[in-house]
Amino acid sequence: MVGSVSTLSRDDYLAAGLDLLADGGVSAVTIAALCGRLGVTKGSFYHHFDSVPVFHEALLAFWEDGTQRAIEAARAVTDSRRRLTVLKELAVAAHHEAEGAIRAWGRSYAPAAAVVRRVDAAREANLVESFRALGLSPARARRLARIGLATLIGTQHLERPVDRRRLLAVFDEYQHWLESAVPTPSPLP
(Lines give C-alpha, C1' and ligand atoms only; values in the text may rest on other atoms or scores of the structure.)
Protein backbone atom coordinates (compact mmCIF):
# COMPACT_ATOMS: atom_id res chain seq x y z
CA MET A 1 0.00 0.00 0.00
CA VAL A 2 1.42 3.40 -1.05
CA GLY A 3 -0.35 5.44 1.61
CA SER A 4 -2.90 5.26 4.33
CA VAL A 5 -5.39 7.53 6.02
CA SER A 6 -2.70 8.61 8.45
CA THR A 7 0.05 9.28 5.90
CA LEU A 8 -1.76 10.88 2.98
CA SER A 9 -2.88 14.48 3.13
CA ARG A 10 -5.66 16.24 1.26
CA ASP A 11 -2.95 17.74 -0.94
CA ASP A 12 -1.77 14.25 -1.93
CA TYR A 13 -5.28 13.50 -3.20
CA LEU A 14 -5.52 16.85 -4.94
CA ALA A 15 -2.15 16.46 -6.67
CA ALA A 16 -3.22 13.00 -7.82
CA GLY A 17 -6.51 14.53 -8.97
CA LEU A 18 -4.66 17.05 -11.13
CA ASP A 19 -2.67 14.22 -12.67
CA LEU A 20 -5.82 12.22 -13.39
CA LEU A 21 -7.44 15.32 -14.83
CA ALA A 22 -4.41 15.83 -17.06
CA ASP A 23 -4.51 12.20 -18.21
CA GLY A 24 -8.20 11.89 -19.01
CA GLY A 25 -10.24 14.97 -18.19
CA VAL A 26 -12.81 15.32 -15.45
CA SER A 27 -14.42 11.95 -16.21
CA ALA A 28 -11.13 10.27 -15.21
CA VAL A 29 -11.26 11.81 -11.72
CA THR A 30 -13.13 9.11 -9.83
CA ILE A 31 -12.80 7.81 -6.30
CA ALA A 32 -11.65 4.45 -7.65
CA ALA A 33 -9.01 6.04 -9.87
CA LEU A 34 -7.74 8.29 -7.07
CA CYS A 35 -7.55 5.45 -4.57
CA GLY A 36 -5.93 3.17 -7.14
CA ARG A 37 -3.30 5.75 -7.98
CA LEU A 38 -2.55 6.39 -4.32
CA GLY A 39 -2.82 2.75 -3.24
CA VAL A 40 -5.49 3.34 -0.61
CA THR A 41 -9.06 2.31 0.09
CA LYS A 42 -12.15 4.40 -0.58
CA GLY A 43 -12.43 4.94 3.17
CA SER A 44 -9.23 6.94 3.00
CA PHE A 45 -10.78 9.20 0.38
CA TYR A 46 -13.85 9.72 2.57
CA HIS A 47 -11.61 10.54 5.51
CA HIS A 48 -10.61 13.72 3.60
CA PHE A 49 -13.61 14.45 1.34
CA ASP A 50 -17.35 13.95 1.77
CA SER A 51 -18.08 13.33 -1.91
CA VAL A 52 -16.77 13.67 -5.46
CA PRO A 53 -18.41 17.12 -5.87
CA VAL A 54 -16.63 18.29 -2.69
CA PHE A 55 -13.40 16.87 -4.10
CA HIS A 56 -13.98 18.70 -7.41
CA GLU A 57 -14.47 21.98 -5.54
CA ALA A 58 -11.28 21.38 -3.56
CA LEU A 59 -9.40 20.42 -6.74
CA LEU A 60 -10.31 23.70 -8.42
CA ALA A 61 -9.31 25.64 -5.30
CA PHE A 62 -6.03 23.71 -5.12
CA TRP A 63 -5.18 24.68 -8.72
CA GLU A 64 -6.19 28.29 -8.15
CA ASP A 65 -4.18 28.51 -4.91
CA GLY A 66 -1.11 27.05 -6.61
CA THR A 67 -1.39 29.59 -9.38
CA GLN A 68 -1.78 32.40 -6.87
CA ARG A 69 1.35 31.22 -5.03
CA ALA A 70 3.27 31.33 -8.31
CA ILE A 71 2.04 34.88 -8.94
CA GLU A 72 3.13 35.92 -5.46
CA ALA A 73 6.55 34.33 -6.01
CA ALA A 74 7.00 36.45 -9.13
CA ARG A 75 5.81 39.60 -7.35
CA ALA A 76 8.41 39.03 -4.64
CA VAL A 77 11.19 39.53 -7.21
CA THR A 78 12.01 43.22 -7.05
CA ASP A 79 14.36 43.45 -10.04
CA SER A 80 12.00 43.97 -12.99
CA ARG A 81 14.23 42.20 -15.55
CA ARG A 82 14.84 39.24 -13.26
CA ARG A 83 11.08 39.05 -12.69
CA LEU A 84 10.63 38.41 -16.44
CA THR A 85 12.85 35.35 -16.13
CA VAL A 86 10.92 34.13 -13.09
CA LEU A 87 7.60 34.63 -14.90
CA LYS A 88 8.94 32.66 -17.87
CA GLU A 89 10.15 29.82 -15.65
CA LEU A 90 6.82 29.65 -13.83
CA ALA A 91 4.90 29.64 -17.12
CA VAL A 92 6.98 26.78 -18.48
CA ALA A 93 6.70 24.77 -15.23
CA ALA A 94 2.90 25.00 -14.99
CA HIS A 95 0.87 21.76 -15.08
CA HIS A 96 -0.30 22.52 -18.62
CA GLU A 97 -2.12 19.26 -19.24
CA ALA A 98 -4.19 19.70 -16.09
CA GLU A 99 -4.82 23.35 -16.96
CA GLY A 100 -6.01 22.38 -20.42
CA ALA A 101 -8.40 19.89 -18.85
CA ILE A 102 -9.66 22.49 -16.37
CA ARG A 103 -10.26 24.90 -19.25
CA ALA A 104 -12.21 22.19 -21.11
CA TRP A 105 -14.16 21.42 -17.92
CA GLY A 106 -15.00 25.11 -17.61
CA ARG A 107 -16.89 25.00 -20.90
CA SER A 108 -19.58 22.83 -19.26
CA TYR A 109 -19.16 23.46 -15.52
CA ALA A 110 -19.71 27.01 -14.25
CA PRO A 111 -17.55 26.71 -11.09
CA ALA A 112 -14.56 25.63 -13.20
CA ALA A 113 -15.21 28.47 -15.64
CA ALA A 114 -15.24 30.98 -12.77
CA VAL A 115 -11.91 29.68 -11.43
CA VAL A 116 -10.34 29.84 -14.91
CA ARG A 117 -11.52 33.46 -15.30
CA ARG A 118 -10.02 34.41 -11.93
CA VAL A 119 -6.72 32.68 -12.66
CA ASP A 120 -6.42 34.27 -16.10
CA ALA A 121 -7.31 37.72 -14.73
CA ALA A 122 -4.74 37.39 -11.93
CA ARG A 123 -2.05 36.22 -14.33
CA GLU A 124 -2.77 39.03 -16.76
CA ALA A 125 -2.81 41.66 -14.00
CA ASN A 126 0.52 40.34 -12.74
CA LEU A 127 2.00 40.59 -16.23
CA VAL A 128 0.72 44.15 -16.65
CA GLU A 129 2.20 45.11 -13.27
CA SER A 130 5.51 43.46 -14.18
CA PHE A 131 5.67 45.14 -17.58
CA ARG A 132 4.80 48.53 -16.06
CA ALA A 133 7.73 48.02 -13.67
CA LEU A 134 9.94 47.71 -16.76
CA GLY A 135 8.84 51.17 -17.83
CA LEU A 136 6.25 50.30 -20.46
CA SER A 137 3.17 52.47 -20.85
CA PRO A 138 -0.08 51.16 -19.37
CA ALA A 139 -1.62 50.49 -22.80
CA ARG A 140 1.45 48.71 -24.13
CA ALA A 141 1.84 46.69 -20.93
CA ARG A 142 -1.80 45.52 -21.24
CA ARG A 143 -1.36 44.52 -24.91
CA LEU A 144 1.87 42.65 -24.25
CA ALA A 145 0.38 40.94 -21.20
CA ARG A 146 -2.53 39.74 -23.32
CA ILE A 147 -0.09 38.35 -25.89
CA GLY A 148 1.77 36.45 -23.16
CA LEU A 149 -1.40 35.00 -21.67
CA ALA A 150 -2.72 34.07 -25.12
CA THR A 151 0.56 32.30 -25.87
CA LEU A 152 0.28 30.23 -22.70
CA ILE A 153 -3.38 29.31 -23.24
CA GLY A 154 -2.88 28.71 -26.96
CA THR A 155 0.00 26.35 -26.33
CA GLN A 156 -2.16 24.35 -23.93
CA HIS A 157 -4.71 23.90 -26.72
CA LEU A 158 -2.20 23.22 -29.50
CA GLU A 159 -0.08 20.58 -27.82
CA ARG A 160 -0.84 17.56 -25.71
CA PRO A 161 1.43 17.05 -23.96
CA VAL A 162 2.94 20.52 -24.00
CA ASP A 163 6.51 20.49 -25.29
CA ARG A 164 8.20 22.46 -22.51
CA ARG A 165 11.39 22.98 -24.52
CA ARG A 166 9.42 24.54 -27.35
CA LEU A 167 7.42 26.65 -24.91
CA LEU A 168 10.65 27.82 -23.27
CA ALA A 169 12.02 28.84 -26.68
CA VAL A 170 8.81 30.78 -27.40
CA PHE A 171 8.97 32.54 -24.03
CA ASP A 172 12.71 33.23 -24.47
CA GLU A 173 11.82 35.08 -27.67
CA TYR A 174 8.93 36.84 -25.92
CA GLN A 175 11.26 37.94 -23.11
CA HIS A 176 13.78 39.25 -25.66
CA TRP A 177 10.96 41.12 -27.38
CA LEU A 178 9.79 42.63 -24.09
CA GLU A 179 13.28 43.69 -23.05
CA SER A 180 13.87 45.35 -26.42
CA ALA A 181 10.61 47.31 -25.96
CA VAL A 182 11.84 48.86 -22.72
CA PRO A 183 12.65 52.56 -23.11
CA THR A 184 16.35 53.36 -22.79
CA PRO A 185 17.07 56.09 -20.26
CA SER A 186 18.58 59.25 -21.69
CA PRO A 187 22.20 59.93 -20.72
CA LEU A 188 22.69 62.68 -18.17
CA PRO A 189 24.12 65.95 -19.61
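This is a predicted model: local features need pLDDT of at least 70, side-chain atom pairs count only at pLDDT 80 or more; totals for chains, interfaces and linings use all residues.
**View 1. Helices α8 and α9 in contact.** Two packed helices are described by the angle between their axes and the distance between the axes. Helix α8 spans residues 138-158 and helix α9 spans residues 164-181; their axes cross at roughly 175° and come within 11 Å. Because angles over 145 degrees count as roughly antiparallel, α8 and α9 are roughly antiparallel to each other. On the α8 side, the contact involves Arg-140, Leu-144, Ala-145, Ile-147, Gly-148, Thr-151, Leu-152 and Thr-155. These meet Leu-167, Val-170, Phe-171, Tyr-174, Trp-177, Leu-178 and Ala-181 of α9. By class, the residues of this contact are eleven nonpolar, three polar and one charged.

**View 2. The largest pocket and its lining.** The volume of the largest pocket is about 560 Å³. Its lining consists of 28 residues, and those nearest the centre of the pocket are Ala-70, Leu-87, Leu-90, Ala-91 and Arg-123. At least two lining residues come from each of α4 (52-75), α5 (80-93), α7 (110-133), α8 and α9. Helix α4 contributes the most, with seven residues.

View 3. Arg-83 belongs to helix α5. Its relative accessibility is 8%, so Arg-83 counts as buried, the cut-off being under 20%. Leaving aside residues up to four places away in sequence, Arg-83 touches Ala-74, Arg-75, Val-77, Glu-129 and Ser-130.

Conventions:
Residues are numbered from 1 along each chain as its sequence is written. Side-chain values use heavy atoms; hydrogens and water are left out. Axes are lines fitted to C-alpha atoms, for helices over the stretch in contact, and angles run from 0 to 180 degrees between N-to-C directions. Helices (H or I, at least four residues) and strands (E, at least two) are DSSP runs, numbered from the N terminus. Angles under 35 degrees count as roughly parallel, over 145 as roughly antiparallel, 65 to 115 as roughly perpendicular and the rest as oblique. Contact means heavy atoms within 4.5 Å. Ala, Val, Leu, Ile, Met, Phe, Trp, Tyr, Cys and Pro count as nonpolar, Asp, Glu, Lys and Arg as charged, and the others, Gly among them, as polar. On a 1 Å grid over the protein atoms alone, a cavity is a set of points where a 1.4 Å probe fits but cannot get out, and a pocket is an open set with protein on both sides within 12 Å along at least five of seven lines; lining residues have an atom within 4 Å of a point. Grid points are joined across faces, edges and corners, and a volume is the space filled by probe spheres set on the points. Buried means under 20% relative accessible area, exposed over 50%, partly exposed in between (1.4 Å probe, protein chains only).
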